[in-house]
Protein chains: 2
Amino acid sequence: MKENKPNAEKSIVDIALALGVSAATVSRALNDNPRISEATRKKVKEKAKEMGYRHNSMASSLRNRRSNIIGLIVPRVSMYFHSVFITALQNKLQPEGYNLIVCQSNDSVAVEQQLASTLYSSRVDALVVSLALYTEEYHHFDGFTNHGTPLLFYDRVPTKSYAAYIVKGDDYRGGLIAGDHLIEMECKKIAYISGPLSCSIYKERTEGFTHALAKAGLHLNTDWCFYHELTAENAWNSLRQLFSGKEKPDAIFASNDTTAVAAVQFSREQGIKIPQELKIMGYSNDPRSSIISPAITTIDQHPTEMAHRVAHKLLQVLKDKRQAQEYDAQEIVPVTLIRRMTT
Amino acid sequence: MKENKPNAEKSIVDIALALGVSAATVSRALNDNPRISEATRKKVKEKAKEMGYRHNSMASSLRNRRSNIIGLIVPRVSMYFHSVFITALQNKLQPEGYNLIVCQSNDSVAVEQQLASTLYSSRVDALVVSLALYTEEYHHFDGFTNHGTPLLFYDRVPTKSYAAYIVKGDDYRGGLIAGDHLIEMECKKIAYISGPLSCSIYKERTEGFTHALAKAGLHLNTDWCFYHELTAENAWNSLRQLFSGKEKPDAIFASNDTTAVAAVQFSREQGIKIPQELKIMGYSNDPRSSIISPAITTIDQHPTEMAHRVAHKLLQVLKDKRQAQEYDAQEIVPVTLIRRMTT
DNA sequence: TTGTACGCGTTATCAT
DNA sequence: ATGATAACGCGTACAA
């Protein structure tokens with residue numbers, strides 16, 4: 001004997017029962033399968049609405065072996081670059097029927113591993129990752145490629161060869177442009193504040209920057225180079241150290257805008273004239289860089305463009321299972337010099 | 001006859017077969033059910049690892065009728081307040097075993113409805129929402145409460161009574177504090193740039209602000225009041241209009257920092273002295289407000305604190321199904337005046 | 001055009 | 001301590 005629990009979830013079986021048809025018919029009708037007559041389709045849909053039926057993605061996913069969910073691991077949601085990236089990615093994927101599970105590693109390798117494992121069991125249809133600052137091993141992502149789940153790194157990508165799709169900014173060129181620009185401004189004593197070299201973006205910016213200086217016959221003074229997490233606190237420490245010696249730099253290239261902003265504030269506090277005595281460059285074109293005075297010369301990474309490319313690649317791969325294994329050349333998103341008042 | 005597809009997904013049945021035990025035993029062993037002996041548990045786990053088994057959340061969710069996924073709908077991920085909120089919420093929920101599906105409405109009611117519907121079918125265990133700017137009807141959320149899925153609004157909450165949990169900032173008080181502060185600074189001719197009143201936060205800030213002025217015997221000059229989406233472009237338009245008449249205001253209360261920043265930049269361009277000729281207040285304590293010069297007096301909304309309260313409420317409700325229907329009083333997160341150089 | 005029958009992977013329940 | 005079985009809700013080959 002069947003009870004009628006009033007608030008229980010209705011399934012397609014309940015609809016079928018109520019209508020005297022089979023569950024298969026209901027399923028097909030709801031999915032607009034052309035093999036169902038217009039009449040029954042309408043009848044079914046009305047009944048479904050009437051009974052408060054809702055599609056069960058969990059059952060559907062199980063059956064179809066696809067969740068329509070894409071996993072995203074990002075160092076921090078609140079970083080300007082990533083927040084814009086997420087916005088754009090979400091806006092591209094949503095209309096295509098994909099939901100985004102957004103997770104943040106907080107720049108901890110351990111958390112990143114944990115998240116990878118969780119998303120792995122969650123059967124995401126694809127995983128998109130921007131690596132934590134000190135991630136140098138990638139085995140926690142092996143499962144995805146082994147099981148044929150598309151894996152894509154963007155921005156902070158593996159520094160060693162790894163089987164995955166890659167979309168990155170042209171960080172080498174960003175460093176190069178920055179170096180060229182400072183040299184064009186006739187800087188001779190250039191300081192450099194970078195993130196740790198375990199992270200692809202800082203590694204490549206450093207290479208490009210070094211190359212630019214080398215072209216001009218300059219080399220980086222190791223006393224004036226800092227490699228650490230690019231927080232405001234760390235920036236102030238390095239800046240104090242930088243200006244405590246007898247010889248002062250005439251330029252600073254900071255590998256993010258948080259650091260560049262700190263440099264401007266530090267200079268203001270110390271009465272250092274910008275750009276006359278000190279030129280400053282940042283990286284990312286964070287809104288703060290344009291709002292502070294003097295506004296900071298920086299490098300735009302075009303996060304929206306990067307998200308579009310990531311979305312495009314994902315959708316292409318997800319549609320076409322065939323080429324899931326063809327990891328063609330990395331995609332490289334150009335960068336742009338934004339000239340402002342600090343140089 | 002069973003084929004051995006090498007790359008096929010292994011299930012607990014495969015493990016059971018390989019070990020000569022039942023699937024139930026495997027399931028229990030993997031879930032650390034105490035009714036399984038230490039020996040078999042170990043045996044099973046080893047075999048599972050060896051066979052490359054991974055837990056299937058989809059099947060598990062179907063069986064358990066819970067997805068361990070929490071849905072989040074936010075106007076825009078890239079708004080400072082929300083990006084910080086998301087960071088904090090995620091950091092609280094992740095360790096408890098919940099994943100966050102982050103979606104953005106782009107402040108479009110239609111998108112919000114679409115997202116609600118999708119998340120509804122996705123069987124999220126709970127839904128957290130900050131409403132779009134012009135959402136005044138809430139029927140697209142009815143399904144959640146009807147089916148007993150916890151629904152929680154934060155920040156931008158319904159303006160009409162609606163059965164859901166609510167965690168909000170003290171926007172009335174924020175407006176009041178702002179008004180009191182400007183009056184204490186002896187402002188007499190106060191302009192006001194607000195978001196649309198369809199949105200709870202702007203409505204309440206307006207009420208608080210109006211009340212503060214009324215206490216001082218002032219009333220808002222309607223020519224100096226603007227209600228529109230708080231973008232930089234709209235701000236500039238309103239500011240130009242504001243200063244085109246013969247009588248100029250001596251203070252502006254802007255209901256977000258984007259607008260306050262625009263006001264400072266506009267004043268700079270027009271040669272208006274701040275704070276002598278014009279005092280400016282913003283809202284949110286966006287990093288830009290502290291970086292611009294002069295730094296802007298604003299109201300801090302404590303997004304992290306709000307996220308903690310939301311997480312706490314969610315976890316409590318998700319653990320204790322019993323009280324899923326008790327929508328006790330709204331939680332109100334205090335706000336703080338951040339006094340800077342523009343007042 | 002519609003129905004039948006079964007599988008997807010996991011777990012609760014009852015039995016041993 | 002472990003096994004056998006039956007759901008969970010949906011989609012699809014195959015049959016009618």
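Predicted model: local features only at pLDDT ≥ 70, side-chain atom pairs only at ≥ 80, totals over all residues.
**Around DNA strand C**

Let's start with the DNA. DNA strand C is surrounded by 28 residues, and the closest of them come from both protein chains: Thr25(A), Arg28(A) and Arg63(A), along with Tyr53(B) and Arg63(B).

| Residue | Oxygen of DNA strand C | Distance |
|---|---|---|
| Arg35(A) | base oxygen | 2.9 Å |
| Tyr53(B) | phosphate oxygen | 2.5 Å |
| Arg63(B) | base oxygen | 2.3 Å |

The top contributor is α4(B), which gives 4 residues. Sorted by class, this surface holds 11 polar, 9 nonpolar and 8 charged residues.

**Where chain B meets chain A**

Now for the protein-protein side. Here 45 residues of chain B are in contact with 45 residues of chain A. Together the two chains bury about 4300 Å², and carbon and sulfur atoms carry 54% of that area. Within the area that chain B buries against chain A, Arg54(B), Met58(B) and Arg123(B) supply 19%, more than any other three residues.

How many salt bridges cross this interface? The rule finds 2 between chain B and chain A. In a salt bridge between Arg123(A) and Glu9(B), the side chains meet with an N to O distance of 3.3 Å. Polar contacts between chain B and chain A number 17 residue pairs, counting pairs with both residues at pLDDT 80 or more.

Several elements of chain B each supply at least two residues to the side that touches chain A: the helices α4, α5 (80-93), α6 (109-121), α11 (257-270) and α12 (287-291), and the strand β2 (99-104). The most comes from β2(B), with 6 residues. By class, this side of chain B divides into 22 polar, 17 nonpolar and 6 charged residues.

**A link between the two surfaces**

One element to keep in view is α4(B): it gives the most to the surface near DNA strand C, and it also supplies at least two residues to the side of chain B that touches chain A.

Definitions and conventions
Residues numbered from 1 in each chain as written. Chains lettered and ligands numbered in written order. Heavy atoms only, no water. Near = heavy atom within 4 Å. Polar contact = N/O pair within 3.5 Å; in protein donor to acceptor, adjacent residues only side chain to side chain. Nonpolar A, V, L, I, M, F, W, Y, C, P; charged D, E, K, R; others polar. Contact = heavy atoms within 4.5 Å. Buried area = accessible area lost by both parts, 1.4 Å probe. Salt bridge = Lys/Arg side-chain N within 4 Å of Asp/Glu carboxyl O.
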